Amino acid sequence: MAEPISSGAAVMRTPSTQVLRGLDALNFFLADVRDGLGPYLAIYLIAVRGPDQGWNEATTGLIMTIAGLAGLIAQTPAGALIDRTNAKRAVVITAAVAVTLSCLVLPFIANFYLVAATQSVAGIAGAIFPPALAAITLGVVGPKMFAKRIGRNEGFNHAGNAVSAAIAGGTAYFFGPIVVFWLMGLLAFCSIGAMLMVPANAIDDDLARGLDQTETEARTDGQEEPSGFTTLLKNKYLMLFAVLAALFHLSNAAMLTSVGQLLTKLAGKDNATSLIAICIVAAQCVMVPVAVFVGARADAIGRKPIFLAAFGVLAIRGVLYTLSDNPFYLVGVQLLDGIGAGIYGALFPVIVADLTRGTGRFNVSQGAVATAQSLGAALSATLAGVIIVSAGYSTAFLALAAIAAAGFAIYLFAMPETRGFEPGRSDADGGGLPSVPVPAV
């Protein structure tokens, strides 16, 4: 493995306005494509297909679990692929086409195994987008502007989610759930056009994998590269961050679903659906300015204070859910998701880039940490469900809040500030701790 290169070797890049606009458009249009049908899959299978064709909550849930596991398994290999390939644009376009076709074919197939196969393809292809978008961004703007640009990416991503959700909700009222398929096709077509706005020569493939532009002779392309998990185990702070990512999602992932179940109990099925839709769109709208702010200020404030705020808001949100059963109050509390998730989405690739700078293992490391994150999310719903059944909603929300509080404490006392982090320094030299002053927490 090549010796990491000092972050001081990084240079400023000046991409054209067209390239930057292409990144904006790519993040906006891919926002809905990257997750496939998402929650609309359950609506389509249960409401359109229904029990007459063998589809109910159990079979639909099994399909979503299978697709989720396929995506989970694919995350680290997807990061490794992005690290190795110089054809990143082609990979993104291929993944967008694969996700879209796997969803557009659904109205024409009924067999459980075929549906599971198509949604597994969507899950695998969807695993490519996060590392690919982060790598392309790093390769275009360079490490010095990466944090700011990632915040802007996340802002356009959340705006795209909010707009597509609003369009889907509005048009489905008139044309039914099938309209979601046509919307996906349109967004995929637009995302391909946006990707083509970023020329291949605008992406520095060495920077995109975490190598510094001025010292790429340190590469070891002929040597076997370690897996994402080997990279994770060799970098103690990257491994700690993976644990923190898992804790964040162990706390966060079940909150919306638990609120949805509580709203169904309190307001009825029809009203709960509308309230959850409002929750999703409103939270995405909150995420836009939060992500942009984080990207713009992460270098000045530091990563640690901002990420601590995400854990803190998540813990407070869990406690606030227990204070009232008023449906509108619960919807209002859910808006705090926009703060926590907005911070997390904007900082996740930035912190991984900090911890892997100069190693050439940025994207495979993203995949490994994302796998830990997904494991936390997968366990979250089960944990909350068991607690709800045995002890009630308030206890479940307090348990999720306690997990977030534990994450806050671990981050505060064990995780260093990663701005200015130097992965190549030995423990004797400070273990890679930042060589620049950071604000007090």
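**Notebook: aromatic pairs and a helix crossing**

I looked up Y113 and found it exposed, at a relative accessible area of 66% (buried is under 20%, exposed over 50%, partly exposed in between; 1.4 Å probe, protein chains only). The model is predicted: local features need pLDDT of at least 70, side-chain atom pairs pLDDT 80 or more, while totals for chains, interfaces and linings use all residues. Residues are numbered from 1 along each chain as its sequence is written, and side-chain values use heavy atoms, without hydrogens and water.

Next I took the rings. Rings of Phe, Tyr and Trp (its six-membered ring) pair if their centres lie within 6.5 Å; planes under 30 degrees apart are stacked, over 60 edge-to-face, the rest tilted. I get 14 aromatic pairs by this rule. F112 and Y113 pair edge-to-face, with 5.5 Å between centres and 90 degrees between planes. F112 is partly exposed at 22% relative accessibility.

Then I checked F248 and F311. Their centres are 5.4 Å apart and their planes at 75 degrees, so this pair is edge-to-face. F248 is buried at 1%, and F311 is buried at 0%. I also noted a cluster linked by ring pairs: F241, F248, F307, F311, Y344, F348 and Y411.

Last came two helices (DSSP runs of H or I, at least four residues, numbered from the N terminus). α15 (residues 337-356) and α16 (residues 362-391) pack at about 130 degrees, axes 9 Å apart. Axes are lines fitted to C-alpha atoms over the stretch in contact, and angles run from 0 to 180 degrees between N-to-C directions.
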